[in-house]
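Please keep the sequence and the structure open while you read.

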Amino acid sequence: MSGVEVPGARFDLPEPDPFTRPYWDAAAEGHLLVRRCHAPACGRAHHYPREFCPHCWSEHVTWERASGRATLYTWSVVHRNDLPPFGTRVPYTAAVVDLAEGPRMMTELVAPDDGPRVAPRPGLPLQVTFRELTEGVTVPVFRPCVNA
(Lines give C-alpha, C1' and ligand atoms only; values in the text may rest on other atoms or scores of the structure.)
Protein backbone atom coordinates (compact mmCIF):
# COMPACT_ATOMS: atom_id res chain seq x y z
CA MET A 1 0.00 0.00 0.00
CA SER A 2 2.89 2.36 -0.59
CA GLY A 3 1.75 5.91 -1.17
CA VAL A 4 -1.88 5.18 -0.28
CA GLU A 5 -3.30 7.07 2.69
CA VAL A 6 -5.74 5.20 4.88
CA PRO A 7 -8.34 7.73 6.12
CA GLY A 8 -7.82 8.47 9.79
CA ALA A 9 -4.79 6.15 10.09
CA ARG A 10 -1.87 7.42 12.19
CA PHE A 11 1.51 5.76 12.31
CA ASP A 12 3.15 8.22 14.69
CA LEU A 13 1.04 7.68 17.80
CA PRO A 14 2.44 5.69 20.72
CA GLU A 15 0.28 3.16 22.50
CA PRO A 16 0.71 3.87 26.22
CA ASP A 17 0.15 0.97 28.56
CA PRO A 18 0.07 0.83 32.37
CA PHE A 19 3.87 0.51 32.54
CA THR A 20 4.68 3.43 30.21
CA ARG A 21 1.83 5.68 31.39
CA PRO A 22 4.15 7.65 33.80
CA TYR A 23 6.44 8.46 30.84
CA TRP A 24 3.58 9.78 28.68
CA ASP A 25 1.96 11.66 31.55
CA ALA A 26 5.28 13.38 32.33
CA ALA A 27 5.74 14.29 28.65
CA ALA A 28 2.29 15.90 28.65
CA GLU A 29 3.47 18.02 31.61
CA GLY A 30 6.73 18.98 29.84
CA HIS A 31 9.11 16.57 31.55
CA LEU A 32 11.31 13.83 30.10
CA LEU A 33 11.71 10.63 32.11
CA VAL A 34 14.34 7.90 31.88
CA ARG A 35 14.67 4.67 33.84
CA ARG A 36 17.52 4.39 36.36
CA CYS A 37 18.97 1.12 37.65
CA HIS A 38 19.62 0.93 41.39
CA ALA A 39 21.66 -2.28 41.40
CA PRO A 40 24.83 -1.61 43.45
CA ALA A 41 27.27 -2.41 40.62
CA CYS A 42 25.32 -0.63 37.87
CA GLY A 43 23.40 2.59 38.46
CA ARG A 44 23.01 3.35 34.75
CA ALA A 45 20.09 5.11 33.12
CA HIS A 46 18.38 3.71 30.05
CA HIS A 47 15.87 4.67 27.42
CA TYR A 48 13.46 3.37 25.96
CA PRO A 49 11.50 2.48 29.13
CA ARG A 50 11.87 -1.16 30.21
CA GLU A 51 10.98 -2.97 33.39
CA PHE A 52 14.55 -4.20 33.75
CA CYS A 53 18.03 -2.76 33.25
CA PRO A 54 19.37 -3.67 29.80
CA HIS A 55 22.93 -3.39 31.15
CA CYS A 56 22.81 -5.73 34.16
CA TRP A 57 19.30 -7.23 33.92
CA SER A 58 18.32 -5.98 37.38
CA GLU A 59 14.64 -5.35 37.97
CA HIS A 60 15.51 -2.69 40.57
CA VAL A 61 14.83 0.28 38.28
CA THR A 62 12.74 3.41 38.79
CA TRP A 63 11.57 6.44 36.82
CA GLU A 64 13.83 9.49 37.02
CA ARG A 65 13.26 12.99 35.70
CA ALA A 66 15.91 13.74 33.08
CA SER A 67 17.59 17.12 32.74
CA GLY A 68 16.33 17.52 29.18
CA ARG A 69 19.86 18.25 27.94
CA ALA A 70 21.38 16.25 25.11
CA THR A 71 23.90 16.40 22.29
CA LEU A 72 23.26 15.48 18.68
CA TYR A 73 24.78 12.12 17.74
CA THR A 74 23.48 11.76 14.17
CA TRP A 75 20.59 12.87 11.97
CA SER A 76 18.94 12.49 8.60
CA VAL A 77 16.72 14.96 6.80
CA VAL A 78 13.66 13.07 5.56
CA HIS A 79 12.34 14.42 2.26
CA ARG A 80 9.81 11.67 1.52
CA ASN A 81 7.60 9.60 3.79
CA ASP A 82 4.39 7.99 2.57
CA LEU A 83 2.99 7.13 6.01
CA PRO A 84 0.36 9.51 7.38
CA PRO A 85 0.85 12.09 8.78
CA PHE A 86 4.56 12.26 7.95
CA GLY A 87 3.98 13.16 4.30
CA THR A 88 2.60 16.53 5.35
CA ARG A 89 5.62 17.20 7.60
CA VAL A 90 8.44 16.71 5.11
CA PRO A 91 11.14 17.75 5.19
CA TYR A 92 11.84 16.93 8.84
CA THR A 93 14.99 15.92 10.68
CA ALA A 94 15.04 12.48 12.30
CA ALA A 95 17.76 12.41 14.94
CA VAL A 96 19.57 10.30 17.49
CA VAL A 97 20.67 12.20 20.58
CA ASP A 98 22.84 11.38 23.57
CA LEU A 99 20.98 12.35 26.72
CA ALA A 100 23.04 14.00 29.49
CA GLU A 101 22.09 11.02 31.68
CA GLY A 102 23.79 8.62 29.26
CA PRO A 103 21.16 6.89 27.12
CA ARG A 104 20.89 7.40 23.39
CA MET A 105 17.40 8.30 22.13
CA MET A 106 15.69 8.50 18.74
CA THR A 107 13.74 11.73 18.27
CA GLU A 108 13.16 14.65 15.95
CA LEU A 109 15.30 17.76 15.70
CA VAL A 110 13.19 20.92 15.47
CA ALA A 111 14.11 24.53 14.76
CA PRO A 112 14.61 27.03 17.58
CA ASP A 113 11.54 29.03 18.64
CA ASP A 114 13.32 32.25 17.82
CA GLY A 115 16.66 33.26 16.43
CA PRO A 116 18.51 31.83 13.46
CA ARG A 117 18.22 28.25 12.30
CA VAL A 118 21.18 26.17 13.47
CA ALA A 119 22.79 23.67 11.09
CA PRO A 120 22.99 20.16 12.58
CA ARG A 121 26.45 18.96 13.57
CA PRO A 122 27.73 16.14 15.77
CA GLY A 123 27.86 17.23 19.40
CA LEU A 124 25.39 20.11 18.92
CA PRO A 125 23.94 20.99 22.35
CA LEU A 126 20.20 20.36 22.50
CA GLN A 127 17.29 20.90 24.87
CA VAL A 128 14.11 18.87 25.02
CA THR A 129 10.79 20.41 24.09
CA PHE A 130 7.46 18.70 23.53
CA ARG A 131 5.02 18.33 20.65
CA GLU A 132 1.38 17.46 21.22
CA LEU A 133 0.39 15.04 18.44
CA THR A 134 -3.24 14.70 19.49
CA GLU A 135 -5.12 15.43 22.67
CA GLY A 136 -3.51 13.30 25.35
CA VAL A 137 -0.44 12.30 23.29
CA THR A 138 2.68 14.44 23.67
CA VAL A 139 6.16 13.40 22.51
CA PRO A 140 9.63 14.73 23.30
CA VAL A 141 11.56 16.41 20.48
CA PHE A 142 14.81 18.37 20.68
CA ARG A 143 15.93 21.81 19.54
CA PRO A 144 19.35 23.46 19.54
CA CYS A 145 20.22 25.34 22.71
CA VAL A 146 20.35 29.11 22.53
CA ASN A 147 23.84 30.28 21.45
CA ALA A 148 24.64 26.76 20.15
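1. The side chains of D98 and R104 meet in a salt bridge, with N and O 2.6 Å apart, a salt bridge being a side-chain nitrogen of Lys or Arg within 4 Å of a carboxyl oxygen of Asp or Glu. R104 is partly exposed at a relative accessible area of 42%, where buried means under 20%, exposed over 50% and partly exposed in between, with a 1.4 Å probe and protein chains only.

2. Before going further, note that this is a predicted model, in which local features need pLDDT of at least 70 and side-chain atom pairs count only at pLDDT 80 or more, while totals for chains, interfaces and linings use all residues. Residues are numbered from 1 along each chain as its sequence is written, and side-chain values use heavy atoms, with hydrogens and water left out.

3. The structure holds five salt bridges, and another of them joins the side chains of R131 and E108, again at 2.6 Å from N to O. This pair links distant parts of the chain, since R131 lies in strand β7 and E108 in strand β6, 23 residues apart; strands are DSSP runs of E with at least two residues, and helices are runs of H or I with at least four, both numbered from the N terminus. R131 is partly exposed at 25% relative accessible area, whereas E108 counts as buried at 14%.

4. R36 forms a salt bridge with E64, the closest N and O atoms being 2.9 Å apart, and the two residues sit in strands β1 and β3, 28 residues apart. Here R36 is buried, at 18%, while E64 is partly exposed, at 24%.

5. Which strands make up the open sheet that includes β1? Three strands form it, in the order β2-β1-β3 with antiparallel pairing, where two strands pair if DSSP finds at least two bridges between them. β2 (45-46) and β3 (61-65) stand at the edges with a single partner strand each, so one side of each is left without a neighbour in the sheet. In β2, A45 is the bridge partner of R36.

6. Elsewhere, β7 and β8 run antiparallel and are joined by eight bridges, with V128 standing opposite F142 in β8. The two strands form a hairpin with two residues between them, and G136 in the turn has a positive phi of about 90°. Eight of the eight residues of β8 are buried, so this strand is largely enclosed by the rest of the structure.
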